[in-house]
Amino acid sequence: MNMISIFSQNLKKQMHEKQLTVKSLAEQSGVSESTIYSILKEKSKTLRIKTVYLLCVALKTKMSIMLP
């Protein structure tokens, strides 16, 4: 499993646990909905550290949990 797959799975889990939609996560994080969808569908070829950071802040979780 690659880093994008791991992050995608953990993102789905965190969003489910916190009952967040893509739209609400985008609003809270400042990351576009299309970027979040791309990560969730594992269509992204790379992950920017800034994107990971912004999503983790919005989810109130540590990067080490999202990318073990």
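Q: Where is Glu42 found?

A: Glu42 is found in the loop between H3 and H4; helices are DSSP runs of H or I with at least four residues and strands are E runs of at least two, numbered from the N terminus. The model is a predicted one, in which local features need pLDDT of at least 70 and side-chain atom pairs count only at pLDDT 80 or more, while totals for chains, interfaces and linings use all residues. Residues are numbered from 1 along each chain as its sequence is written, and side-chain values use heavy atoms, with hydrogens and water left out.

Q: What is phi of Glu42, and how does its accessibility count?

A: Glu42 follows H3, and its phi is near 55°, a positive value in a residue other than glycine. Glu42, at 33% relative accessibility, counts as partly exposed.

Q: Which residue follows H4, and is that residue buried or exposed?

A: H4 is followed by Lys60, which is found in the loop between H4 and H5. Phi of Lys60 is near 55°, again a positive value in a residue other than glycine. Lys60 is exposed, with a relative accessible area of 76%.

Q: Which residues of H3 are buried, and where do they lie around the axis?

A: The arc to read is that of the directions from the helix axis to the C-beta atoms. In H3 the buried residues are Ile36, Ile39 and Leu40. Their arc around the axis is only 100°, so they are on the same side of H3. The cover over the buried residues of H3 includes H1, H2 and H4, where contact means heavy atoms within 4.5 Å.

Q: How do the axes of H1 and H3 cross?

A: Axes are lines fitted to C-alpha atoms, for helices over the stretch in contact, with angles from 0 to 180 degrees between N-to-C directions. The axes of H1 (residues 3-17) and H3 (residues 33-40) cross at roughly 115° and come within 8 Å. H1 is therefore roughly perpendicular to H3; under 35 degrees counts as roughly parallel, over 145 as roughly antiparallel, 65 to 115 as roughly perpendicular and the rest as oblique.

Q: Which residues meet between H1 and H3?

A: From H1, Phe7, Ser8, Leu11, Lys12 and Met15 meet Ile36, Ile39 and Leu40 of H3. The residues of this contact are six nonpolar, one polar and one charged; Ala, Val, Leu, Ile, Met, Phe, Trp, Tyr, Cys and Pro count as nonpolar, Asp, Glu, Lys and Arg as charged, and the others, Gly among them, as polar.

Q: Which residues are buried in H4, and which are exposed on the other side?

A: Thr51, Val52, Leu55, Cys56, Ala58 and Leu59 are buried in H4 (residues 49-59). They cover an arc of only 160°, so they are on the same side of H4. Ile49 and Lys50 are exposed on the other side. H1, H2 (22-29), H3 and H5 (63-66) are among the elements that cover the buried residues of H4.

Q: Which residues of the largest nonpolar core touch the most other members?

A: In soluble globular proteins, nonpolar side chains tend to be buried together. A nonpolar core is a set of buried Ala, Val, Leu, Ile, Met, Phe, Trp, Tyr and Cys residues joined through side-chain atoms within 4.5 Å. Here the largest one has 19 residues, of which Phe7, Leu11, Met15, Leu25, Ile36, Leu55 and Leu59 touch the most other members. H1, H2, H3 and H4 each give two or more residues to this core, and the largest share, five residues, comes from H4.

Technical notes
Buried means under 20% relative accessible area, exposed over 50%, partly exposed in between (1.4 Å probe, protein chains only).
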